[in-house]
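Dear colleague,

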Amino acid sequence: MPVADDVSAATRDVIRLGHPVLRRVAEPVPEDWFSSERLSQLADEMIATMHSEEGAGLAAPQIAESWRVLVYWVPETEDEEAIGPTVLVNPELRPVGSNQEDGWEGCLSVPGLRGLVPRYHRVKVKARLVDGKKVSITADGFHARVLQHETDHLDGIVYLDRMTSPKSLCYEEEWEKSILKEDDID
Ligand SMILES: [Zn+2]
């Protein structure tokens, strides 16, 4: 999969819950943006911001850009290779099967908190790349979780809305002390 790897781009401020853009349904990127400087700069800044904030993903609305663009990366695990920084434009996600599993999530726009969120184990995403090329991705587990978390942002949804119960919500420091698991996400 093509990756964008320009970490020299400027970083942007991440907006937090309460900023109205986080609750807006983002606009599709128009056709004439593909291969444009405008879109590649947005993508580069999103990747730089994701890395600088130590997140696993970032959606454009989180930097107050109400466009359907997301970036993410997936660290190496025992079973799977790492996925480098990836930019998806106008993604369309659908679950594959009905199997869901709980996992811990956090969010750069909801700093300091973690909560248990049910997500589909496997999803399929159709999207465009920055150059307009069409891609189709089938993802499992953590990869699928990141994609569901980030595509939700494009519809004004945050992980808190997806929690089965608010009882699992906890501060990161307490979570690290008592609950730390491998399947966390930012
Ligand atoms: Zn988030």
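The notes that follow cover the sheet, the helices and the metal site.

The model is predicted, so local features need pLDDT of at least 70 and side-chain atom pairs count only at pLDDT 80 or more, while totals for chains, interfaces and linings use all residues. Residues are numbered from 1 along each chain as its sequence is written, and side-chain values use heavy atoms, with hydrogens and water left out.

The sheet

Five strands form an open sheet in the order E1-E2-E3-E6-E7, with antiparallel pairing. Strands here are DSSP runs (E, at least two residues), as are helices (H or I, at least four residues), numbered from the N terminus; two strands pair if DSSP finds at least two bridges between them. At the edges stand strand E1 (57–59) and strand E7 (134–140), each with a single partner strand, so one side of each has no neighbour in the sheet. On average, neighbouring strands of this sheet are turned by 40° against each other, direction ignored. Axes are lines fitted to C-alpha atoms, for helices over the stretch in contact, and angles run from 0 to 180 degrees between N-to-C directions.

Strands E2 and E3 run antiparallel and are joined by five bridges; Val71 stands opposite Val87 in E3. Five bridges also pair strand E3 (residues 83–95) with strand E6 (residues 122–128) in the antiparallel sense. There, Leu93 stands opposite Val125 in E6, and Arg94 stands opposite Lys124 in E6.

The helices

Helix H1 (residues 37–52) packs on the sheet, where it touches E1, strand E2 (69–74) and E3, and its direction makes about 40° with that of E2. Contact means heavy atoms within 4.5 Å. Helix H2 (residues 141–154) also packs on the sheet, touching E1, E2, E3, E6 and E7, with its direction at about 160° to that of E2.

The zinc site

The zinc ion has as protein donors Cys107 (SG), His149 (NE2) and His153 (NE2), which lie 2.1 to 2.3 Å from it. Donors are N, O and S atoms within 2.8 Å of the metal (3.2 Å for Na, K and Ca); water is not among the atoms, so sites may look incomplete. Along the chain, the donors follow the spacing C-x41-H-x3-H. Cys107 in strand E4 (residues 100–107) and His153 in helix H2 link distant parts of the chain, 46 residues apart. Cys107 is buried, at a relative accessible area of 5%, and His153 is buried at 0%. Buried means under 20% relative accessible area, exposed over 50%, and partly exposed in between (1.4 Å probe, protein chains only).

With kind regards
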